Amino acid sequence: MCRHIGYLGEPASPAEALFRAPHSLLVQSYAPADMRGGGSVNADGFGLGWYPGPGSPPLRHRRSTPLWTDETLPPLAAAVTSGAFVAAVRNGTTGLPVTEAAAAPFTAGPWLFSHNGVVRGYPHSLAELAKTLPVTELLTLEAPTDSVVLWALLRARLATGEDPLTAVAGLTLAVEAAAPGSRLNFLLTDGATLIGTTWTHALSVLETPGSVVPELRPGPGAPPPGTPGSSVVPGLRPGPGAPPPGTPGSNVWLASEPFDGDPRWRPVPDHHAVRATAAGVELLPLTQELS
């Protein structure tokens with residue numbers, strides 16, 4: 001199986017988790033600790049996707065080669081600072097192509113997506129679900145792999161305005177019904193929300209306190225809100241999901257395997273989803289109605 005890492009929080013560099021930590025994603029590419037019979041190395045490609053700034057679409061670096069052979073990503077990761085990113089190393093399913101287009105994270109619009117797992121009986125098991133997609137969509141997929149088809153099915157749900165967590169949960173249950181025993185461990189982010197799932201494989205979460213959220217007050221000598229010359233909008237409040245002023249925000253990591261020995265790492269129970277926002281982390285069973 002593949003390994004992946006997602007982050008949401010204060011701007012940070014992905015270099016520590018990818019290359020410097022004791023059990024970094026680099027180490028997990030050649031010495032993973034928990035493959036559960038899904039191979040022994042993750043050498044069929046890798047990728048990193050990140051957001052260069054608030055509201056910006058994600059950027060991405062992918063290759064079809066083993067992570068340990070790439071000399072470009074280490075300095076690139078050290079130069080990147082982002083409030084959200086997703087990285088992955090791939091162990092391709094036997095018979096599926098090893099190409100750059102098959103490596104996560106996948107992207108469209110504001111989204112980054114990664115799949116760690118396998119769809120049992122692919123491609124036949126996904127045929128009925130794939131019929132819901134436009135033919136042109138199927139004919140122009142990036143690569144003929146189960147992960148790419150899953151991403152197309154999830155994109156279609158997101159395009160209707162479906163809540164991201166509801167979309168992920170709905171896809172998970174639909175694929176499990178069509179292909180029982182599949183491993184459906186997803187990461188999805190739009191830069192403001194990070195969602196992860198466990199479905200017959202592992203995921204761990206690490207939540208650390210961020211900086212104290214400042215109160216929205218005029219600076220010294222500023223005119224009262226709403227008066228001419230004031231830059232403070234009357235009634236200004238933090239955006240949806242933001243923690244109250246004066247409270248610390250959260251930095252959240254989701255990883256197939258913890259990349260360091262921080263005792264705050266917690267395993268996510270199987271068949272659960274994690275949703276992280278600026279307000280904190282929620283843990284929800286995938287078998288219930290989610291929104």
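Visitor: In which sense do strand 2 and strand 4 pair, and over how many bridges?
Guide: In this predicted model, strand 2 (residues 46-50) pairs with strand 4 in the antiparallel sense over 5 bridges. Strands are DSSP runs of E with at least two residues, helices are runs of H or I with at least four, and both are numbered from the N terminus; two strands pair if DSSP finds at least two bridges between them. Phe46 stands opposite Val89 in strand 4.

Visitor: What joins strand 1 to strand 4?
Guide: Strand 1 (residues 3-12) is joined to strand 4 by 7 bridges, and the two run antiparallel. Gly6 has Val86 of strand 4 as its bridge partner.

Visitor: Why is strand 4 largely enclosed?
Guide: Of its 8 residues (82-89), 7 are buried, so strand 4 is largely enclosed by the rest of the structure. Buried means under 20% relative accessible area, with a 1.4 Å probe and protein chains only.

Visitor: Changing topic, which residues touch the most other members of the largest nonpolar core?
Guide: Trp151, Leu154 and Leu188 do, in a core of 34 residues. Such a core is a set of buried Ala, Val, Leu, Ile, Met, Phe, Trp, Tyr and Cys residues joined through side-chain atoms within 4.5 Å.

Visitor: Which element gives the largest share?
Guide: Helix 6 does, with 8 residues.

Visitor: And what does Leu154 contact?
Guide: Beyond neighbours within four places in sequence, Leu154 is in contact (heavy atoms within 4.5 Å) with Phe113, Ala167, Val168, Leu171 and Leu188.

Visitor: What are the conventions?
Guide: Residues are numbered from 1 along each chain as its sequence is written. Local features need pLDDT of at least 70, side-chain atom pairs count only at pLDDT 80 or more, and totals for chains, interfaces and linings use all residues, while side-chain values use heavy atoms, leaving out hydrogens and water.

Conventions:
Buried < 20%, exposed > 50% of the residue type's maximum accessible area, 1.4 Å probe, protein only.
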